[in-house]
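Subject: Structure handover

Dear colleague,

Here is the structure I said I would pass on. Please open it alongside this email; my notes follow below.

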Amino acid sequence: MQELLVDIEDLEELYRCYMPYLKNGGLFVRTNMRFEMGHSLALKVTLPDALEDDVVTGKVAWITPQGAQSSNPPGIGVNFIDDKTNLNAKIEKLLGTMLNSGNPTYTM
């Protein structure tokens, strides 16, 4: 299974990447690589101030192609499927009240 490394440096970037509207949560990953919807892959995610990586498997549920009309960067949204490290819960705890803000994200 293909693995992508995701290093999120601060909470603002985490907010822009997080996809809470997906059933098990998900992350937008900036990439110029081409993927198909439903493609399975693993993410090795480093959250802000984390000492260890979290690994989660998922499927592509969103694609922003290069040159999209919005000012958003190209990349894919990955819906978490197998979240053994409880990455989704860790993200929601880190973001806290930011989840209720109306600020734009990379997907919405």
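The core comes first. The largest nonpolar core holds 26 residues, and those that touch the most other members are Leu27, Leu41, Leu43, Val45, Ile76 and Ile91. At least two residues of this core come from each of strand 1 (3–7), helix 1 (11–17), strand 2, strand 3 (40–46), strand 4, strand 5 (75–82) and helix 2. As background, nonpolar side chains tend to be buried together in soluble globular proteins. Please keep in mind that this is a predicted model.

Not counting residues up to four places away in sequence, Ile76 touches Leu4, Leu27, Phe28, Val29, Thr31, Phe35, Leu41, Val60, Trp62 and Ile63.

Five strands make up an open sheet with mixed pairing, in the order 1-3-4-5-2. The edges are taken by strand 1 and strand 2; each has a single partner strand, so one side of each has no neighbour in the sheet. On average, and with direction ignored, neighbouring strands of this sheet are turned by 40° against each other.

Two of the pairings can be followed residue by residue. Strand 3 and strand 4 pair in the antiparallel sense over six bridges, and Ala42 stands opposite Thr57 in strand 4. Strand 4 and strand 5 also pair in the antiparallel sense, over seven bridges. Here Trp62 has Gly77 of strand 5 opposite.

Strand 4 covers residues 54–64, and Asp54 lies in this strand. Is Asp54 buried or exposed? Its relative accessibility is 5%, which is under the 20% cut-off, so Asp54 counts as buried. What does the side chain of Asp54 make polar contacts with? One partner is the side chain of Thr85, at 3.2 Å; another is the side chain of Lys90, at 2.7 Å. Leaving out residues up to four places away in sequence, Asp54 touches Leu43, Lys44, Val45, Leu47, Thr85, Leu87 and Lys90. Leu43 and Val45 in that list are also among the core residues that touch the most other members.

On aromatic rings, the count comes to one pair. The pair is Phe28 and Tyr106: the ring centres are 5.5 Å apart and the planes stand at 45°, so the pair is tilted. Phe28 belongs to strand 2 (residues 26–30) and Tyr106 to the segment after helix 2 (87–95), so the pair ties together parts that are 78 residues apart in sequence. Both Phe28 and Tyr106 are buried.

Last, Met19. Met19 is placed in the loop between helix 1 and strand 2. With a relative accessibility of 1%, Met19 counts as buried. Setting aside neighbours within four places in sequence, Met19 is in contact with Gly25, Gly26, Leu27, Phe28, Trp62, Gly77, Val78 and Thr107. Along the chain, Met19 and Ser101 are 82 residues apart, and their C-alpha atoms are separated by 14 Å.

Regards

Methods: Residues numbered from 1 in each chain as written. Predicted model: local features only at pLDDT ≥ 70, side-chain atom pairs only at ≥ 80, totals over all residues. Heavy atoms only, no water. Helix = DSSP H or I, 4+ residues; strand = E, 2+ residues; numbered from the N terminus. Buried < 20%, exposed > 50% of the residue type's maximum accessible area, 1.4 Å probe, protein only. Polar contact = N/O pair within 3.5 Å; in protein donor to acceptor, adjacent residues only side chain to side chain. Contact = heavy atoms within 4.5 Å. Phe/Tyr/Trp six-rings, centres within 6.5 Å; stacked < 30°, edge-to-face > 60°. Core = buried A, V, L, I, M, F, W, Y, C linked by side-chain atoms within 4.5 Å. Pairing = 2+ DSSP bridges. Axes fitted to C-alpha atoms, helices over the stretch in contact; angles between N-to-C directions.
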